[in-house]
Amino acid sequence: MIDDLWYKNGVIYCLSVGTYMDSDGDGIGDFRGLQRRLDYLHGLGITAIWLMPFQTSPGRDNGYDISDYYSVDPRFGTLGDFVEFTHGCKQRGIRVIIDLVVNHTSDQHKWFREARRSKDSEYRDWYVWSDKKPANANTGMVFPGVQKSTWTRDKEAGAWYFHRFYDFQPDLNTSNPHVQAEILKIMGFWIQLGVSGFRMDAVPFIIATKGPKVRKPVEQYDMLRSLREFLQWRQGDSIILAEANVLPETDMEYFGADGDRMHMMFNFHVNQHLFYALASGDSRPLMKSLKATKPRPATAQWGLFLRNHDELDLGRLTKAQQQSVFKAFGPDKDMQLYDRGIRRRLAPMLGGDRRRLELAYSLMFTLPGTPVLRYGDELAMGDNLDLPERECARTPMQWSTEPHAGFTEGHKPCAPVIDKGPYGYEHVNAAKQRRDPNSMLNWTERIVRMRKEVPEIGWGDFEVITVRDPGVLAIRYDWRNNSVLFVHNLDEKPREVSFKVGLPGEASKLLVNLLTEDHSRSDKGGRHTILLEGYGYRWYRVGGLDYLLKRSDIDTDAAGKTAHPA
Ligand code: NOJ
């Protein structure tokens, strides 16, 4: 059955082992520490962990500069510890996906060290070289302001090498069949050690043509199918979640018209418009972005997120929209990054306003896709703008009021724990919030539980409902004879909206609130009138709570036509 696809209806939690919990007192989080926190994650109810890079690395880009793909960085533990961790997750029904960072390696990787040594090295063609400085060397930087060029001269090689990201991250020549075979081998290795798939880093760059003569890179989409084929052959239920910040026009190229390429993609398009909606109180561009990203194969899914470990990239918004997000959430220059984004965590961006945080998360949990939650956001953790670039939002998890927030017993944590101001660990920590029934942690746990009880979001078709108020977004999902409806008020002022559910029959006259006792009955004509407080949100089931008795095993459309179940 199609609803076997686990990634269509879960909650993914993203964390990095180095900042989660340290078990040996060296100030660096490790797998043993993480292992001890699995019951916390189980309690929170998440269904999958996205584990950020943990392989051996000089650590100059938060681990996204790998120097050995088949290892665990000794600071984090051993391969044995890793397998204990994936096993512990399995015992608790939690899947693990890990980063697959194969657009580039670290310049310390054995392959690059071999490649630079001689033109005759078997690894030379694993990277992208030019004898002369290419004409476009000063274009295409991903980190403008920090990264000066995309080609750097290597003395030892006597040639220039291409690097889409920092200069210590030479790009792999992903068109080389040997490199392609090695990528499959890496995937096969980790699958064997208990992971359920990969968050694939920088996908558009991996599949792009690369070289000194390439003026406009061309995406080789076919490569995506080979990756998927291999993975599915090795382990049928494993997935690839693609990091691809691309325009909606190309989404289907990534998913594949037959659903034969990427299983999931992060929805960057909706992410940016969601922040615009939160900043401006105008839901219309968000609505448009939902419609633009609606087409996808039945087996594919969006990853819906608010903040991640990178900057909030606003590059796809108009200049005016960008300005309004900057003004609302990152007005100071040092809150902004790479001329296109904001580097803060969500809670400080929203002024620590609980109503707005709930609104933002309620949206993330109810927009089409699978929610991806960043560690610490369940506590409304803050950031440390004294740290450079994106490091400000990568501080250690705040567990308790113990020294270093219970993250380490060592003297010096790898990154400073936030210990000042309203987001300091004395105020914001898991231990305290666990005991407080009204805490953000307990709210999140409840919303995770409710999200899992509403599979219609993950599986169903959605329709935006007209409410004739740009400040309010109403969305309905239909799946297997059941419908749910969500209403969000993006404005700080209360709003009264009136709408029809848009379904035939008596059922749509009753909206049962899933979070409070505040249900809605329509007038005779089927029209509901709802008063939403400022930043208010509602989760409704259409009809009664006997919905499970009505759920069918197959899909039936409005005209009564049934569809094949798979
Ligand atoms: C995307 C990752 O999310 C980011 O953190 C990293 O710097 C680049 N890829 C390079 O790997």
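These notebook entries record what I looked up in the predicted model above.

**Conventions.** I number residues from 1 along each chain as its sequence is written, and I leave out hydrogens and water, using heavy atoms for side-chain values. Because the model is predicted, I require pLDDT of at least 70 for local features and 80 or more for side-chain atom pairs, while totals for chains, interfaces and linings use all residues.

An N or O atom in the side chain of His309 is 2.8 Å from a ligand oxygen. For Arg390, a polar side-chain atom lies 3.0 Å from an oxygen atom of the ligand, and for His104 the corresponding distance is 3.1 Å. The protein buries 97% of the 290 Å² that the ligand exposes when taken alone; these areas come from the Shrake-Rupley method with a 1.4 Å probe.

**Entry 1: Arg480.** I located Arg480 in the loop between strand E16 (472-479) and strand E17 (482-489). Strands (E, at least two residues) and helices (H or I, at least four) are DSSP runs numbered from the N terminus. Is Arg480 buried or exposed? Arg480 counts as buried because its relative accessibility is 4%, where buried means under 20%, exposed over 50% and partly exposed in between (1.4 Å probe, protein chains only). A polar atom of the Arg480 side chain lies 3.4 Å from the backbone oxygen of Asp553.

**Entry 2: positive phi.** I noted Ala380, a residue other than glycine, with a positive phi near 60°. Ala380 lies in the loop between strand E14 (370-374) and helix H14 (430-435), and is buried at 13% relative accessible area. His404 is also not a glycine and has a positive phi of about 55°. I placed His404 in the loop between E14 and H14; with 22% relative accessible area, His404 is partly exposed.

Technical notes:
Polar contact = N/O pair within 3.5 Å; in protein donor to acceptor, adjacent residues only side chain to side chain.
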